[in-house]
Amino acid sequence: MDCLFCKIVAGDIPSTKVYEDEKILAFKDIAPQAKVHVVIIPKEHILSCANDITPENCEIVGYIFSKIPEIAKLCGTEDGYRIVNNCGAKGAQSVFHIHFHLLGGEQLSGNMN
């Protein structure tokens, strides 16, 4: 598979890991959009974005969200952060493996543009 995130999970591409367990991996984004910018992915390849969540794979998305507070605390952002899922080319998605961005570490803009 030619998926950037699958290659990171496999260890073929290095990353700065923030959190890892048997189901998910969280690592620092290489082009941060905030003081803290972490990408959270399932280790299993799930194509694309929120549009591809199904009854068969929704459990992992719930699991990711159950771990986000722990990841935020590890990053020192438990007092406030944003979770983003870019969906499709017009939504600025660049890697088509479902993932969530945790942004924080500073006062974020109220402007979502």
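Strand β1 (residues 17-20) pairs with β2 in the antiparallel sense, over three bridges. This is a predicted model, in which local features need pLDDT of at least 70 and side-chain atom pairs count only at pLDDT 80 or more, while totals for chains, interfaces and linings use all residues. Residues are numbered from 1 along each chain as its sequence is written, and side-chain values use heavy atoms, with hydrogens and water left out. Helices (H or I, at least four residues) and strands (E, at least two) are DSSP runs, numbered from the N terminus. Two strands pair if DSSP finds at least two bridges between them.

A hairpin of three residues joins β1 to β2. Tyr19 has Ala26, in β2, as its bridge partner. On β2 (residues 24-28), four of the five residues are buried, where buried means under 20% relative accessible area, exposed over 50%, and partly exposed in between (1.4 Å probe, protein chains only). Strand β2 is also joined to β3 (residues 36-42) by five bridges, and these two strands run antiparallel. Ile24 stands opposite Pro42 in β3.

## The largest pocket

The largest pocket has a volume of about 630 Å³. A pocket is found on a 1 Å grid over the protein atoms alone, as an open set of points where a 1.4 Å probe fits, with protein on both sides within 12 Å along at least five of seven lines; its lining residues have an atom within 4 Å of a point. Grid points are joined across faces, edges and corners, and the volume is the space filled by probe spheres set on the points.

The lining of the largest pocket has 29 residues, and Asp29, Gln33, His37, Asn86 and His101 lie nearest the centre. By type, the lining divides into 15 nonpolar, 11 polar and three charged residues. Ala, Val, Leu, Ile, Met, Phe, Trp, Tyr, Cys and Pro count as nonpolar, Asp, Glu, Lys and Arg as charged, and the others, Gly among them, as polar. At least two lining residues come from each of α1 (4-10), β2, β3, β4 (81-84) and β5 (100-104). The largest share, three residues, is supplied by α1.

## The loop between β4 and β5

Ala92 is located in the loop between β4 and β5. Its phi is near 70°, a positive value in a residue other than glycine. With a relative accessible area of 56%, Ala92 is exposed.

His99 also lies in the loop between β4 and β5, but its relative accessibility is 4%, so His99 counts as buried. Contact means heavy atoms within 4.5 Å. Apart from neighbours within four places in sequence, His99 is in contact with Phe5, Val39, Ile40, Ile41, Val84, Asn85 and Gln93. A polar atom of the His99 side chain lies 2.7 Å from the backbone oxygen of His97.

Cys75 sits in the loop between α2 (58-74) and β4. Leaving aside neighbours within four places in sequence, Cys75 is in contact with Val18, Val36 and Val38. Cys75 and Val18 are 57 residues apart in sequence, and their C-alpha atoms are 7.6 Å apart in space.

Gly105 belongs to the segment after β5. At 31% relative accessibility, Gly105 counts as partly exposed. Not counting residues up to four places away in sequence, Gly105 touches Lys35, Val36 and Thr77. From Gly105 to Val38 the separation is 67 residues in sequence and 11 Å in space, C-alpha to C-alpha.

Methods. Polar contact = N/O pair within 3.5 Å; in protein donor to acceptor, adjacent residues only side chain to side chain.
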